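Have the model open beside you as you read.

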Amino acid sequence: MKVLVTGGAGYIGSITVERLIKAGEEVVVFDNLFQGHEDAVHPEAVFIQGDLADKGAIEAAIAEHRPDGIMHFASYTLVGESMERPFLYLRDNITNGLNLLESAAKHNVKRFILSSTANLFDDPENMPITETERIVPGSPYGESKNIMERYLYWMDRLYGMRYACLRYFNACGATEERGEDHDPETHLIPLVLEVALGQREKIAIFGDDYDTPDGSCVRDYIHVIDLAEAHILAMRALGDGPSRKYNLGNGRGYSVKEVIQTARDVTGHPIPAEITARRPGDPDILIASSDTIRRELGWQPQYADLRTIIEMAWNWHVSHPNGYTK
Ligand code: UFG
């Protein structure tokens, strides 16, 4: 199978490319390197530096390489930033996504995987969160993914493009060669590890008055390799099955305080922490039910244990203390 991966130089995209190549698939990466890193692109992938805002560029890439499927990771991804810069998310994530969909439809691409998000579920009625939960986007970011999910419904109906929407909970972890390197970094685990590396003085715990056992927010942390494998399973399943939507997590929540304590155990560093104000938009608890993808595709996370996830992230941070060099 030949797979075009937008955002294949980014964190989750580059690790999915690594796993695709390991699985023997052919990969074309399309990335503008705005957030991604050229060093993160697997050397066996064809790399096109291009921007989805440039409709001609993505159309040319699809026309030239004629992929069997597309995995669409490229987007703005920060919940908090989207509350402050809604148009970046409500305009760019959507118009860029539409440029991609239009070219894909025109060139008869029949399989499409969308990176979607737990931010669709801002006010869940049931925990863990299943795919039947009502959708209440928690931010313009979540709304942009919700709109893309809706557009895919029309791609399927009008063009027979089969899609999978994968709603990630909290992606984390690393492989030996690829890990998390955002600028600026906002995610809990890499920030905690930067403290352990001596690059930051302390970690802020955003609120300890949530309705959770220890007062800090509870999230479902999922290893990026397990996410990547879910993409590969879903892409294969779309060959002879219907479109689908899956929530992706481990079905187990950890609090911010538990994450920090686990990182102390792994790194041997005291990792000073300080309680600060809540970060706007953070729900108390988000835990996924991934029963549907386990049942339908036999997905089985290999790195579900938080300590293992943090150990693997730590190994990458120790070997790449300044992230990717380019
Ligand atoms: N947190 C802190 N201190 C920090 C950073 C984070 O206490 O310095 C807390 C947050 O408040 C939150 C938890 O750690 O409770 C995890 O925060 P992250 O920023 O690591 O991740 P988010 O849960 O905010 O966001 C992630 C993805 C989004 C996705 C969302 C879905 O990055 O793309 O999960 O729930 F939309």
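## A buried helix

A residue counts as buried under 20% relative accessible area, as exposed over 50%, and as partly exposed in between, using a 1.4 Å probe and protein chains only. Helices here are DSSP runs of H or I with at least four residues, strands are E runs of at least two, and both are numbered from the N terminus.

With those terms in hand, look at α1: 11 of its 12 residues are buried, among them Y11, G13, E18 and R19. The helix covers residues 11–22 and spans 17 Å from its first C-alpha to its last, close to the 16 Å expected at 1.5 Å a residue; that expectation is 1.5 Å times one less than the number of residues.

## About the model

This model is predicted: local features need pLDDT of at least 70, side-chain atom pairs count only at pLDDT 80 or more, and totals for chains, interfaces and linings use all residues. Residues are numbered from 1 along each chain as its sequence is written, and side-chain values use heavy atoms, without hydrogens or water.

## Around the ligand

Now to the ligand, which 23 residues surround, the closest being T117, H187, A204, R279 and D282 (near means a heavy atom within 4 Å). Strand β8 (203–206) and helix α6 (188–196) each supply at least two shell residues, and β8 gives the most, with four.

Domain 1 (2–172 + 222–248) and domain 2 (188–219 + 251–319) both contribute to this shell, so the ligand lies between them; the bounds come from an automatic or database domain assignment.
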